[in-house]
Amino acid sequence: MSNDIRTLTARLAEEPSSLAFLELAEALRRRGQLEAAYKVARGGLGRYPGLADAHDLLARILGDQGDLAGAFDAWVEALRLDPMRTSALKGIGFLYFRAGNVVEAREHLQRAAEIDPDDQSITQALARMTEATVTPVQTSSSRPAASASAVPAEPDTGDSSADPAEQGHLLVDGNGMLLSGSLRSPGNEDVGDRVAAELAGVSKEASRTTRLLGLGGWQAIAVESPEGNLYLLPPTPDTVLLTIRERSLPMARLGLIAERAARHARAWLGVQE
Amino acid sequence: MSPANSALERVTKVPGIRGSLLISATDGLVVAERLMDGIDGRATAALAGSLLQRLGRATAGAGMQVPTFVHLRANSGSILAAAGQNDLVLVALAGLDANLGLARLEMLDAVGRLS
């Protein structure tokens with residue numbers, strides 16, 4: 001047993017309700033210990049059925065085990081909980097591609113690309129799909145067949161615990177309740193609910209400030225911090241969308257990513273553009 | 001000219017900036033100001049201070065440090081804030097036509113010189 005797995009196992013045993021199961025299951029998956037990874041992920045999901053990260057992780061494990069139908073269902077669930085989760089969109093897109101349904105595959109990958117245009121793996125997957133589209137297009141919208149071969153390594157559906165770009169979107173209602181998305185601190189702690197609770201106050205304070213200073217309604221707040229850049233938008237008057245990326249991403253570009261995510265959020269909320 | 005007033009002058013020279021002020025972040029009080037007529041410095045300081053505190057709590061909740069620069073964009077203009085040392089924050093009010101990129105650079109440079 002490697003040191004990291006031993007440490008994570010000990011941490012989980014010490015605090016069974018912690019989110020350490022995500023790291024442990026992912027570490028086991030990477031080492032090819034798929035059955036153990038599956039058990040750890042399932043155990044964690046039992047405690048956190050509403051955690052998109054956990055469904056995403058389970059999907060990767062099931063994909064590695066060759067259970068593509070199971071992987072598909074788990075990614076769909078992850079996407080239901082977090083509509084802007086690009087790793088799930090990529091995973092579903094690739095499963096459709098494997099099943100020969102290029103239309104659905106492209107649609108999912110294009111949605112992922114709109115949410116995160118900086119993810120090179122999506123762009124490359126779309127390009128490869130274009131090159132490889134020599135077989136007849138299947139237009140069925142049914143889910144991919146379970147008998148397809150194991151999920152290959154590309155496109156990489158991402159390691160949500162290690163890649164902040166797969167997270168970093170929070171959609172919050174006016175009462176500070178998390179509607180969608182997830183956020184981890186630099187120490188890998190799940191801080192989504194805590195930040196969501198603060199964001200409702202930020203939105204109200206921004207509205208008050210701009211109104212009293214005669215600037216009208218607030219449109220966006222760009223925040224620079226030593227650890228990263230944040231962008232806040234109100235997709236609707238009653239919601240706030242937070243997007244976080246690394247500091248190296250220019251703020252104006254982060255704004256574009258946030259605007260795209262806000263459009264998705266409005267669609268998800270059923271608001272007509 | 002004091003370092004504070006020098007900082008404010010540099011920022012207000014940027015095209016489109018309607019005024020700037022140096023505030024104390026925790027209590028939202030004005031330390032120094034250079035504003036166009038009709039802009040209430042005390043109200044601006046209080047509101048900006050309160051907003052920055054809220055944002056600071058949000059970033060702290062995310063396990064991040066205090067924001068170094070904030071840009072609040074509204075329908076008719078923007079509020080910019082650059083955090084300095086000793087609880088000081090340089091705040092600027094910008095019109096829609098302001099050169100925000102230049103204002104940001106001047107503000108970050110100015111708060112760097114203040115510390």
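Biologist: What makes you say which residues A41(A) is in contact with, leaving aside its neighbours within four places in sequence?
Modeller: This is a predicted model, so I go by its C-beta atoms: two residues are in contact if those atoms lie within 7 Å. Beyond its sequence neighbours, A41(A) passes that test with F21(A), A25(A), A54(A), L57(A), L58(A) and I61(A).

Biologist: Which residues have the most contacts inside the largest nonpolar core?
Modeller: A41(A) is one of them, along with A25(A), V11(B), L90(B) and V91(B), and the core has 115 residues. Helix α5 of chain A, residues 68-81, gives the most to this core, with eight residues.

Biologist: How do you know where this core lies relative to domain 1 and domain 2 of chain A?
Modeller: Domain 1 (3-132) and domain 2 (168-268) both give residues to the core, so it lies between them.

Biologist: And what touches what between the chains? How many residues of chain A are in contact with chain B?
Modeller: It's 33 residues of chain A with 28 residues of chain B. On the chain A side, α9 (192-212) and β3 (218-225) each supply at least two residues. The largest share, 12 residues, comes from α9(A). By class, that side has 16 nonpolar, 10 polar and seven charged residues.

Biologist: Why are β3(A) and β3(B) called paired strands?
Modeller: Pairing takes at least two bridges, and six join β3(A) to β3(B), residues 69-74, so they count as a pair. The two strands run antiparallel.

Biologist: Which residue in β3(B) stands opposite V223(A)?
Modeller: That's V70(B).

Methods
Residues are numbered from 1 along each chain as its sequence is written. Chains are lettered from A and ligands numbered from 1 in the order in which they are written. This is a predicted model: local features need pLDDT of at least 70, side-chain atom pairs count only at pLDDT 80 or more; totals for chains, interfaces and linings use all residues. A nonpolar core is a set of buried Ala, Val, Leu, Ile, Met, Phe, Trp, Tyr and Cys residues joined through C-beta atoms within 7 Å. A residue is buried if 20 or more other C-beta atoms lie within 10 Å of its own, exposed if 12 or fewer, and partly exposed in between; C-beta atoms are placed from the backbone. Helices (H or I, at least four residues) and strands (E, at least two) are DSSP runs, numbered from the N terminus. Domain bounds come from an automatic or database domain assignment. Ala, Val, Leu, Ile, Met, Phe, Trp, Tyr, Cys and Pro count as nonpolar, Asp, Glu, Lys and Arg as charged, and the others, Gly among them, as polar.
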